[in-house]
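Colleague: I am new to this structure and would like to go through it by question and answer. Please show it.

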Amino acid sequence: MSQQQHVPRHIAIVMDGNGRWAKKRFMPRLIGHKKGVETVRKIIRRCDDIGVECLTLFAFSSENWKRPIEEVNGLMALFVTALEREAKALFRHNVQLRFIGDRSRFSNKLQSVIADVEQLTQTCTGMTLLIAANYGGRWDIVQAMQKMIQQVEIGQLQVNDISETTLQPFLSTADVPPLDLFIRTGGETRVSNFLLWQIAYSELYFSESLWPDFDESKLMQAIEDYSGRQRRFGKTGDQVVMGEN
Ligand code: IPE
Ligand code: IPE
Ligand code: MG
């Protein structure tokens, strides 16, 4: 990376394409998911190395429960083994790991492994790694609304004061930088109920690569592409060049 200032502060990735990767090789879908975990490790490491402050990975959507039970169970087992295996390495790299999403539907075992890794890494001050599991963008907005309305009920907040700024602290991404770059692998050009509120002004990047084939060089290509874009946030291009506020 030539210019440090072009590294996105926050990258989110829809890690799509594991199933098709396996199918192409006449292998069970779960082998694709296992292979995908290797990509996760590589991408975390590279993001950490180049100074990304927050990486958010979509591991399991609130809609993925609709998949065949064997695949769902296989994915849950894979989360447990991957977390148990990677926890110490994350800690060593000073990465703070947190889960976002509704974890109450997970098994007690998975919930306790998640709690352990979160506790182990809670004092880490390097990159923040958010794993979105049983996550949905609509769910995130609804749970934030519920918490905000509780504030109204106890008189901490007035209805007339409700704004985008007052909702923000209740979202599951409250304390991480704004989402700069949204990547989806696997060739589909949709959001699939990932971070809906947060992508309002993110740059979107779609890769044809299936997730197990996505690697550091493809990540760097996405960042290169992002670096070449002019983010206008509603202004004109000339205003941005002149550095007007
Ligand atoms: C994404 O890969 C991983 C999860 C949803 C857990 P897919 O499993 O959706 O792979 P494709 O889209 O079927 O290839
Ligand atoms: C989105 O991928 C969810 C994850 C990558 C975890 P899907 O494969 O579930 O998305 P759709 O169903 O193709 O929209
Ligand atoms: Mg998919």
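**Threonine contact and helix packing**

Modeller: The side chain of Thr166 comes to 2.8 Å from the backbone nitrogen of Ser163. This is a predicted model, in which local features need pLDDT of at least 70, side-chain atom pairs count only at pLDDT 80 or more, and totals for chains, interfaces and linings use all residues. Residues are numbered from 1 along each chain as its sequence is written, chains are lettered from A and ligands numbered from 1 in the order in which they are written, and side-chain values use heavy atoms, with hydrogens and water left out.

Colleague: Where is Thr166 found?

Modeller: Helices here are DSSP runs of H or I with at least four residues, and strands are runs of E with at least two, numbered from the N terminus. Thr166 lies in helix H6 (residues 164–167).

Colleague: Leaving aside neighbours within four places in sequence, which residues is Thr166 in contact with?

Modeller: Contact means heavy atoms within 4.5 Å. With its neighbours within four places set aside, Thr166 is in contact with Met148, Leu157 and Asp161.

Colleague: What is the mean pLDDT of the protein chain?

Modeller: pLDDT is the predictor's confidence in each residue, from 0 to 100. In the protein chain, 98% of residues reach 70 or more, and the mean is 96.

Colleague: In which element is confidence lowest?

Modeller: Strand E1 (residues 10–14) has the highest confidence, at 99. The lowest, at a mean of 95, is in helix H8 (residues 237–241).

Colleague: Are H2 and H3 roughly parallel or roughly antiparallel?

Modeller: Axes are lines fitted to C-alpha atoms, for helices over the stretch in contact, with angles from 0 to 180 degrees between N-to-C directions. Helix H2 (residues 29–50) and helix H3 (residues 69–92) pack at about 25 degrees, with axes 10 Å apart. Angles under 35 degrees count as roughly parallel, over 145 as roughly antiparallel, 65 to 115 as roughly perpendicular and the rest as oblique. H2 and H3 are therefore roughly parallel.

Colleague: How many nonpolar residues has the contact of H3 with H4?

Modeller: The axes of H3 and helix H4 (residues 108–121) come within 10 Å and cross at roughly 15 degrees. Residues that meet include Phe79 and Leu83 in H3 and Val113 and Ile114 in H4. Ala, Val, Leu, Ile, Met, Phe, Trp, Tyr, Cys and Pro count as nonpolar, Asp, Glu, Lys and Arg as charged, and the others, Gly among them, as polar. By these classes, the contact of H3 with H4 has 1 polar, 3 charged and 12 nonpolar residues.

Colleague: Which residues in H7 does H2 meet?

Modeller: The axes of H2 and helix H7 (residues 216–227) come within 9 Å and cross at roughly 50 degrees. That makes H2 oblique to H7. Lys42, Ile43, Arg46, Cys47 and Ile50 in H2 meet, in H7, Glu216, Leu219, Met220 and Ile223.

Conventions. Polar contact = N/O pair within 3.5 Å; in protein donor to acceptor, adjacent residues only side chain to side chain.
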